[in-house]
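The following note concerns the aromatic side chains of the structure shown below.

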Amino acid sequence: AAYNYNRILRVTDGNTYSDFPGLSFGTGSSAEKNVSSYDESLFIVHSGRGLCLFQFDSTNFSATFRACFNNLNADFDFGYTPADQYAIYAYSYSKLYRFIINTADWTVSPDPTFNNGLGYFDPDGPSCLNGQMAMNHWLVAAGALSSDDSTVIASIGPQQDVNPYFVVWNAQKGCEWMNVQTWQVSRGWNTGMSDPVNIAFASGHTPAQKGGIHNAQLDRSGTYGVLTIHNVPSLTQKIFWTLGTNQVDDTCVTCMSHWACDFGVCFWSVEKSLAQLPVWTNRFTPNMDLAAYPPQEDSHMAHANATEGVMLPYLVSWDPDASTISGPWQDELVGVTWDGSHISYRFNKTWSSGGLGGFNTTARCSISRQGNYAICTSDYQLYNLNKGFGNGFNQDTCDSNLKGGIIGTNGCRTDVLLFELR
């Protein structure tokens, strides 16, 4: 492994948002989200006051707080393409918009030309779910954007792990859906609820139980949905949906960890290795042997590559299996190559306790668009009690017996750190 002496920038503290002292900040629950603009000069993090925008100066290695937005859904993606330099794709009030950042006054507003001039995509329209969302008071949850900015997948229903529908929007084709309770998909694009077809599982077995959606993701190309479904004993693994069809591959029984996906290739933690797997195959190729390294509690993966054929390393942020660090690799941010070189890069410690202060204190690190830095949630205040980090109320310490998080200020605050990757 190569070890690089990379800089760390503390982006937030208890006084970042002066109107709300002591506010916690953090990254989203999915590390593979695109959190930065194409040129990496802007990035967005989460807070208890909505999504918050920062401007990054790479020359001086500094960040400036610009604004927080309450009109954006917490699940968002910056556009990947140069044309979407200041565009954010996000659901708001159950409709998908392309929001534009105005750098003159740091506001965001919907693009009226989006979706062929309609200005939004309505998943509850007649060509999609046809009023079910309004009738059942359903909401839009976890989703993802393809790297050509043309396809968005989202989860829809009453709540996570219960949601029945995946809905896909495609700029040219419109809407397609999957129901994980009836195990059906729409009959092609823009066909609404008429004449759905049964899912064709590669294993040949249709689950007997009703599922509930935990997470919805895509590979970079937008060809495949990478789906996480709960409440079904026969589907503890992730499944791959070929969009535009009723074909689902459920045969990768070891695809159970957190993951990130390139163009038709996904990266996984498999037994004692990190490995890559082409979608619709079971041919894992090991990238990094973990047998010699200390055990980790969990790992989240992210991948910056949005151009087909470029093999940028993927990023793994490990949570320790204890509240203290006892050796190398624990609590670290690691770059893993998948070009056959078997080189890994130890970038830095993330200073996260690995869940000691609750879910939001696990290290979930998203890579910037070009792969030059990572944005991570860290509860390193918990590691440094009585050392001047404060909680935003002119108090040096925090109550480590209370759970930290991005919403409240009780317990030890979570902050955002920016890690240089080189």
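1. Both Phe-114 and Trp-169 are buried. The coordinates come from a predicted model, and all remarks here should be read accordingly.

2. In total, the structure holds 20 aromatic pairs. One of them joins Phe-114 and Trp-169: the ring centres are 5.1 Å apart and the planes meet at 50°, so this pair is classed as tilted. The angle falls between the limits of 30 degrees for stacked and 60 degrees for edge-to-face pairs.

3. The rings of Phe-267 and Tyr-314 have centres 4.2 Å apart and planes at 15°, so they form a stacked pair. Here too distant parts of the chain are linked: Phe-267 belongs to strand β23 (residues 265-270) and Tyr-314 to strand β27 (residues 314-320), at a separation of 47 residues. Phe-267 is buried, with a relative accessible area of 0%, and Tyr-314 is buried with a relative accessible area of 0%.

4. Ring pairs also build a cluster from Tyr-17, Phe-20, Phe-25, Phe-43, Phe-54, Phe-56, Phe-61, Phe-65 and Tyr-373. Phe-61, a member of this cluster, has Arg-7 over its face, at 4.3 Å from the ring centre.

5. A charge is also placed over the ring of Tyr-120: the charged end of Lys-95 sits there, 5.6 Å from the ring centre.

Key:
Residues are numbered from 1 along each chain as its sequence is written. This is a predicted model: local features need pLDDT of at least 70, side-chain atom pairs count only at pLDDT 80 or more; totals for chains, interfaces and linings use all residues. Side-chain values use heavy atoms; hydrogens and water are left out. Rings of Phe, Tyr and Trp (its six-membered ring) pair if their centres lie within 6.5 Å; planes under 30 degrees apart count as stacked, over 60 as edge-to-face and the rest as tilted. Buried means under 20% relative accessible area, exposed over 50%, partly exposed in between (1.4 Å probe, protein chains only). Helices (H or I, at least four residues) and strands (E, at least two) are DSSP runs, numbered from the N terminus. A charge sits over a ring if NZ of Lys or CZ of Arg is within 6 Å of the ring centre and within 35 degrees of the ring normal.
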